[in-house]
Amino acid sequence: MLVKDIMKKDVHTLMSNHTILDAIQLLELHHIRHIPIVNEQQHVIGIISDRDVRDARPSIFDENNNEILATPIHKIMSTPVITAHPNDFFEEVASIFYKKSFACVPVIKNNQLVGIVTEKDMLHTFIQLTGTDSPSTQIEIKVPDQIGVLSEVCHYFTKRNIKIVSVYNYPDPKDSSYNILVFRIQTMNPMPVIEDFKDSEYQILYPYWED
Amino acid sequence: MNSNDSVFIYSDAFLNYSFHEDHPFNQNRLVLTKDLLIKHNALTSKQIIEPKMISEDILSTIHETNYIQAVKKASSNEAVDVVKYGIGTNDTPKFSNMFQASLQTVSGSIEACKQVLEGKATHAMNLAGGLHHGFPNRASGFCIFNDIALSIQYIRDHYNLRVLYIDTDAHHGDGVQHCFYDDPNVCTISFHETGRYLYPGTGKTNERGIKEGFGYAFNFPLDAFTEDESFMEVFQNAIEKVTDYFQPDIIVSQHGVDAHFLDPLTHLHSTTYIFEEIPSIIHRLAHQYCNGKWVALGGGGYDIWRVVPRAWSQLWQVMNGNKPFTGDLSQAWLQKWQPLAPVQLPHSWQDQKTDYKEIPRRGEITETNQRMYKQVLRFIEIN
């Protein structure tokens with residue numbers, strides 16, 4: 001999945017000579033947390049977050065705050081800006097979020113701002129990947145970390161005429177020579193296919209954890 | 001009219017809703033239940049009402065035309081788009097005359113509504129109905145037409161009553177919730193095993209309705225291996241609060257009995273106890289808020305020998321204002337059915353818990369469920 005498939009294209013921006021007051025109003029109006037700062041050519045020259053603004057804005061108890069609110073935002077914006085390209089993989093952006101501990105990257109093509117990806121978009125993508133938006137049953141299967149295992153496991157569902165809604169894979173935390181495959185399958189009655197697996201080398205983990 | 005006049009909707013044609021012999025959804029449970037009640041002198045022929053077959057026009061009040069057409073085609077064994085309509089899958093395979101059989105089931109539930117709405121009975125029960133997974137445009141989870149949604153829509157269209165829908169099937173009542181998700185006059189409340197593993201996966205605490213219907217959908221996802229005590233704690237607290245908040249004119253309830261520990265498809269691990277308590281509470285609420293108006297429907301229940309006949313008989317017993325049956329099951333009933341049953345039938349109304357395994361994580365599960373229902377109910381407290 002690419003950044004262009006998950007990014008928001010409608011981006012709210014300001015220019016460097018806008019004021020802190022402008023930024024406060026834009027953040028509140030659109031319920032957003034980040035504003036890319038652009039020049040006339042739509043090049044991204046900085047970015048501000050709601051936290052930058054909060055650090056700069058005067059205390060709510062201070063009434064003589066007009067001067068601070070009129071400060072141009074180029075004084076508080078972060079620069080240079082880490083950006084992504086529309087054709088980047090979405091997991092590369094996830095890794096930026098994780099490593100750099102921030103939650104938003106502008107998306108740039110030919111030096112022009114074309115979109116924005118936030119942590120929320122990223123989480124939504126991961127939720128979609130786990131497939132819970134269509135009626136299904138989840139089963140988890142412990143399989144040896146070997147060639148051909150996934151296709152062989154999938155065949156059990158095909159034989160029972162059951163559609164696979166989603167599948168993902170993670171290493172078994174207890175034994176690195178095994179993986180856990182997590183399927184969401186479109187059936188209310190997984191018993192026949194679970195029965196089929198009983199005669200195989202694959203172990204169904206779900207959800208026999210009553211103790 | 002006695003304040004507890006109840007009718008039992010039944011037709012042998014209900015048995016035609018049958019996918020194939022090995023399918024877990026098996027309407028022979030209706031025959032077993034009816035016979036058990038008759039053997040205990042708890043059901044008279046005067047109470048049994050044969051439903052009138054309704055016109056298929058009613059289907060389009062909930063279902064899309066192309067889906068209704070697809071069911072008709074599948075019914076006469078023509079090919080239909082499996083992925084689009086959900087017919088021909090592992091869960092809802094085609095069977096001949098499936099259209100007529102499904103319409104018959106719907107007729108039963110509409111008849112139950114009519115009996116109550118026209119004042120012929122205070123309560124009515126159609127155990128063949130309760131197919132809560134049916135969607136406007138596709139079949140899902142053993143359900144073809146959604147007789148519940150059609151019934152509620154019928155009540156809304158003809159009587160403009162505020163409908164409280166209570167769903168205690170172990171699976172989330174997703175189809176019914178979907179149909180009335182934006183409707184403030186229909187409050188849906190579903191108690192089910194969490195969708196973390198179990199079908200259909202929905203029914204999370206944050207599903208609360210949309211637009212005008214926001215605040216009129218409630219979901220109580222219970223942990224797997226919840227057992228009786230915690231189930232009833234959640235049910236009792238939640239249903240009292242929600243009913244008081246919504247002030248319904250009529251209750252429609254779905255009585256899936258697949259939360260039982262012997263049920264092969266789920267893991268809520270209850271006993272027959274909850275199938276005595278749930279109807280008792282609903283019965284009381286129907287009299288307290290709705291002048292008794294209550295339509296009870298069937299639902300899931302896949303141990304058709306050991307669980308469903310007893311659980312549904314208790315529903316009927318309680319609906320008639322009686323205390324639940326206790327003691328031994330009718331010898332005549334056991335003698336008639338034991339030779340046909342693939343399992344040893346229970347001999348008493350209440351579970352003896354011989355096969356029952358206590359759950360070591362009970363404390364933890366109870367606490368999780370408490371946190372869950374309090375979180376859902378906070379909405380009512382702040383509004």
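Figure 1. Buried, here, means a relative accessible area under 20%. This is a predicted model, and in it Thr33(B) has a relative accessibility of 0%, so the residue counts as buried. Thr33(B) belongs to helix 1 of chain B, which covers residues 28-39. Look around the side chain and you'll find Leu127(B), Val308(B), Pro309(B), Trp312(B) and Ser313(B) in contact with Thr33(B), once neighbours within four places in sequence are set aside. For a sense of scale, Ser45(B) is 12 residues from Thr33(B) along the chain, with 15 Å between their C-alpha atoms.

**Figure 2. Glu64(B), a partly exposed loop residue.** Now for a spot in a loop of chain B: Glu64(B) lies between strand 2 and helix 2 (65-75). With a relative accessible area of 38%, Glu64(B) is partly exposed. Leaving out residues up to four places away in sequence, Glu64(B) touches Pro136(B) and Asn137(B). Leu43(B) is 21 residues from Glu64(B) in sequence, and going C-alpha to C-alpha the pair is 38 Å apart in space.

**Figure 3. The eight-stranded open sheet of chain B.** Follow the strands across this sheet and the order reads 2-1-3-8-7-4-5-6, with parallel pairing. At the edges are strand 2 (48-49) and strand 6 (217-222) of chain B, each pairing on one side only. Zoom in on strand 4 (residues 163-167) and strand 7 (residues 250-254) of chain B, and you get a parallel pair joined over five bridges. Within that view, Ile166(B) stands opposite Ser253(B) of strand 7.

**Figure 4. Where chain A meets chain B.** On the chain A side, 22 residues make contact with 32 residues of chain B. Together the two chains bury about 2,300 Å², and carbon and sulfur atoms account for 57% of it. What about links across the interface? The rule finds zero salt bridges between chain A and chain B, but nine residue pairs in polar contact, both residues at pLDDT 80 or more. Strand 6 of chain A (residues 137-144) gives the most to the side that touches chain B, with three residues. Sorted by class, that side of chain A has seven nonpolar, nine polar and six charged residues.

Definitions and conventions:
Residues numbered from 1 in each chain as written. Chains lettered and ligands numbered in written order. Predicted model: local features only at pLDDT ≥ 70, side-chain atom pairs only at ≥ 80, totals over all residues. Heavy atoms only, no water. Contact = heavy atoms within 4.5 Å. Buried area = accessible area lost by both parts, 1.4 Å probe. Salt bridge = Lys/Arg side-chain N within 4 Å of Asp/Glu carboxyl O. Polar contact = N/O pair within 3.5 Å; in protein donor to acceptor, adjacent residues only side chain to side chain. Helix = DSSP H or I, 4+ residues; strand = E, 2+ residues; numbered from the N terminus. Nonpolar A, V, L, I, M, F, W, Y, C, P; charged D, E, K, R; others polar. Pairing = 2+ DSSP bridges. Buried < 20%, exposed > 50% of the residue type's maximum accessible area, 1.4 Å probe, protein only.
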